[in-house]
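This report walks through the fold, the core and the helix contacts of one protein. Have the sequence and the model side by side as you read.

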Amino acid sequence: MINRLSTGRSWYKHFQYEEGVDKPGDVRNIMLVVATLIASVTFQAGVNPPGGVWQDTDKDHVAGRAIYASQAEAYCVFLIANTFALSASVLVIVSLTHRFPFHLEIIIATISMMVTYGSAIFAVTPHESVRFRYVIAAASVPFILRCFIQLFNIVFNKDDRPGLEI
């Protein structure tokens, strides 16, 4: 194994998921750690935007607003991508903890975290620099996509379910 890692040939194949070999509980735990890290980083980036916030009010800016927002297009891309990543990681966390003890509390905590994130980005973002409907759309895309996938599976996999005769 050391030889395979040091030569650079196919080293990544050793770390790939293998169905039947990897335990589902271990995979779930790894995915929870990764999703939690992504949620932590994206939440922090939204609450404390890159470049920080203005400390004083001037003719060009207001104290407490994101400095990065002065580059409207770049800030909008950052905010949409960051929100999309946070929303997707929250979906993964909620999905992987389904039927866990205290699942209701996990849902309440994640909804509260999303509300806190939303209030923070609304507080630091000048209203003229970002159209918030895009941010809200970015937050809802992972959930809508998952619903469409579930609906697709229900509609097109009818014959795979036991007990259904057509």
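## Overall fold

The protein has 5 helices and 0 strands. Helices here are DSSP runs of H or I with at least four residues, strands are E runs of at least two, and numbering starts at the N terminus. Along the sequence the pattern reads α-α-α-α-α.

This is a predicted model: local features need pLDDT of at least 70, side-chain atom pairs count only at pLDDT 80 or more, and totals for chains, interfaces and linings use all residues. Residues are numbered from 1 along each chain as its sequence is written, and side-chain values use heavy atoms, with hydrogens and water left out.

Of the 166 residues, 25% count as buried. Buried means under 20% relative accessible area, exposed means over 50%, and partly exposed lies in between (1.4 Å probe, protein chains only). Among contacts with a separation of 6 or more, 64% join residues 24 or more positions apart. Contact means heavy atoms within 4.5 Å.

## The largest nonpolar core

The largest nonpolar core holds 20 residues, and Tyr-75, Leu-79, Val-130 and Val-135 touch the most other members. The elements that give it two or more residues are α2 (24–47), α3 (72–96), α4 (103–124) and α5 (132–156). The largest share, 8 residues, comes from α3. A nonpolar core is a set of buried Ala, Val, Leu, Ile, Met, Phe, Trp, Tyr and Cys residues joined through side-chain atoms within 4.5 Å.

What does Leu-79 contact, leaving aside its neighbours within four places in sequence? The partners are Tyr-117, Ile-121, Thr-125, Val-130 and Val-135.

## α3 against α2

The axes of α2 and α3 come within 8 Å and cross at roughly 145 degrees. Axes are lines fitted to C-alpha atoms, for helices over the stretch in contact, and angles run from 0 to 180 degrees between N-to-C directions. The crossing is left-handed: the near helix is turned anticlockwise from the far one by less than a right angle, whereas clockwise would be right-handed.

The α2 side includes Met-31, Leu-32 and Phe-43, and the α3 side includes Phe-78, Leu-86 and Ile-93. By class, this contact has 13 nonpolar, 5 polar and 1 charged residues. Ala, Val, Leu, Ile, Met, Phe, Trp, Tyr, Cys and Pro count as nonpolar; Asp, Glu, Lys and Arg count as charged; the others, Gly among them, count as polar.

## α3 against α4

α3 and α4 pack at about 175 degrees, with axes 10 Å apart. They are therefore roughly antiparallel. That label applies over 145 degrees; under 35 is roughly parallel, 65 to 115 roughly perpendicular, and the rest oblique.

Tyr-75, Leu-79 and Val-90 are among the α3 residues here, and they face a set in α4 that includes Met-113, Tyr-117 and Ile-121.

## α3 against α5

The axes of α3 and α5 come within 8 Å and cross at roughly 30 degrees. The two helices are therefore roughly parallel. Their crossing is right-handed.

Leu-79, Phe-84 and Leu-91 are among the residues on the α3 side, and Tyr-134, Val-135 and Arg-146 are among those on the α5 side. The residues divide into 13 nonpolar, 2 polar and 1 charged.

## Arg-131

Where is Arg-131 found? Arg-131 sits in the loop between α4 and α5. At 48% relative accessibility, Arg-131 counts as partly exposed. Arg-131 and Cys-76 are 55 residues apart in sequence, yet 8.0 Å apart in space, C-alpha to C-alpha.
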